Amino acid sequence: MIVDNMDLKEAIYKRQSIRKYDKTPLDSKTLDGLRTFIDNTRVLNPNIKWSYDIVGSENVRMLQRFKSPHYLLIFSESKENYLQNIGFIFQQVDLYLQSNGIGSCWIGAGSPKNYENPNPEQDFVILMMFGRPQGEIYRELSQFERKIICEISDTRDDRLMPARYAPSAANSQTWYFTHNDDGSYNVYRNKRRIRLNKKMDAWNQVDIGIALAHMYVANPETFEFSRDRPHEDLKNKVFEGSFTI
Ligand SMILES: Cc1cc2nc3c(=O)[nH]c(=O)nc-3n(C[C@H](O)[C@H](O)[C@H](O)COP(=O)(O)O)c2cc1C
């Protein structure tokens, strides 16, 4: 598999969640390429151990009836910003797969089945289904359903477009960006008014990492993230960190 950052960057503007798959498994060379890519992704927090496994549908319990030939089971130590870290790492993987013509979809509503976790100190976080798509893999920019930029940022700023197009759980897009005088950005997560689903809180933290992954992929040379820079507290929002691009 060939990949460079340009492919990943382009995938931001044409990817979509794929829920219908050709059941033919991918060949071992393709899966090895994927493993190599995953092992070389950038992380948000190097102090957190994480791992993954690639399994078939016999090892996955899905609440919805989608089926794919392969699933990434994703595990992590549960500390600090581990959910954001997982979103950041595996959104790079989502873009890698899609840029190679392989469909993928984050799945919160699923869990491992008949599966013994080889790293008991790490918890199962989330899974991603993937395989060759049945039908078209890409879509047009006009087909993205996303909030307008003014809803997700304190000022209109086209540099935030990569984050705007990021996928999120139930397309909730709970990110909000502010601008600092030194040119850096803060990212916040909107607090949910009603906690209908406790899991949604966790997935929304994964979402923040996903949006940051798009900012990184679009600015690989300059992206730097920090969680402890001084910042303003905003009403009904949780501060998630600052970054430069
Ligand atoms: C953390 C997370 C969890 C998700 N869980 C599910 C899921 O359980 N089932 C599903 O069909 N889609 C799931 N999705 C996919 C979203 O519904 C999808 O990304 C969103 O609607 C935007 O559409 P797009 O990915 O095609 O841009 C999830 C996405 C994320 C980021």
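Strands β9 (224-226) and β10 (237-244) run antiparallel and are joined by 3 bridges. Strands here, like helices, are DSSP runs numbered from the N terminus (E, at least two residues, for strands; H or I, at least four, for helices). Two strands count as paired if DSSP finds at least two bridges between them. Within this pair, Ser-226 stands opposite Ser-242 of β10. The model is predicted: local features need pLDDT of at least 70, side-chain atom pairs count only at pLDDT 80 or more, and totals for chains, interfaces and linings use all residues. Residues are numbered from 1 along each chain as its sequence is written, and side-chain values use heavy atoms, with hydrogens and water left out.

Strand β10 also pairs with strand β8 (residues 185-190). These two strands run antiparallel, with 6 bridges between them. Asn-190 faces Lys-237 of β10 in this pairing. The loop between β9 and β10 holds Asn-236. Its phi is near 60°, a positive value in a residue other than glycine.

A further set of pairings involves β3 (residues 70-76). Strand β1 (residues 50-55) is joined to β3 by 6 bridges, in the antiparallel sense. Val-55 has Tyr-71 as its bridge partner in β3. Strand β6 (residues 123-131) pairs with β3 over 7 bridges, again antiparallel. Here Ile-74 stands opposite Ile-126 of β6. Strand β6 pairs with β4 as well, through 5 bridges in the antiparallel sense.

Burial was assigned from relative accessible area: buried means under 20%, exposed over 50%, and partly exposed in between (1.4 Å probe, protein chains only). In β3, 7 of the 7 residues are buried, so the strand is largely enclosed by the rest of the structure. His-70, Leu-72, Ile-74 and Ser-76 point one way from β3. Tyr-71, Leu-73 and Phe-75 point the other way, and all of these residues are buried.

The ligand takes up the space of the largest pocket. On a 1 Å grid over the protein atoms alone, a pocket is an open set of points with protein on both sides within 12 Å along at least five of seven lines. A molecule sits in a pocket if more than half of its atoms lie within 2 Å of the grid points. The ligand is surrounded by 22 residues, where a residue is near if one of its heavy atoms lies within 4 Å. The closest are Ser-17, Arg-19, Gln-64, Arg-139 and Arg-146.

A polar side-chain atom of Arg-19 lies 2.7 Å from a ligand oxygen atom. For Arg-15, a polar side-chain atom lies 3.0 Å from an oxygen atom of the ligand. Trp-106 contributes a polar backbone atom, 3.2 Å from a ligand nitrogen atom. Taken alone, the ligand exposes 620 Å², and the protein buries 89% of that. These areas come from the Shrake-Rupley method with a 1.4 Å probe.

Gln-16 is found in the loop between α1 and α2 (28-39). Gln-16 is buried, with a relative accessible area of 19%. Its side chain reaches the backbone oxygen of Tyr-138 at 3.4 Å. Asp-7 lies in helix α1 (residues 5-12) and is partly exposed, at 26% relative accessible area. The C-alpha atoms of Asp-7 and Ala-218 are separated by 10 Å, although the residues are 211 apart along the chain.

The loop between β5 (110-112) and β6 contains Asn-114. Asn-114 is exposed, with a relative accessible area of 68%. Its phi is positive, about 45°, although Asn-114 is not a glycine. Pro-118 is found in the loop between β5 and β6 and is exposed, at 58%. Pro-118 and Ser-51 are 67 residues apart in sequence and 9.7 Å apart in space, C-alpha to C-alpha.

Definitions and conventions. Polar contact = N/O pair within 3.5 Å; in protein donor to acceptor, adjacent residues only side chain to side chain. 1 Å grid on protein atoms, 1.4 Å probe; cavity = no way out; pocket = protein on both sides within 12 Å on 5 of 7 lines; lining within 4 Å.
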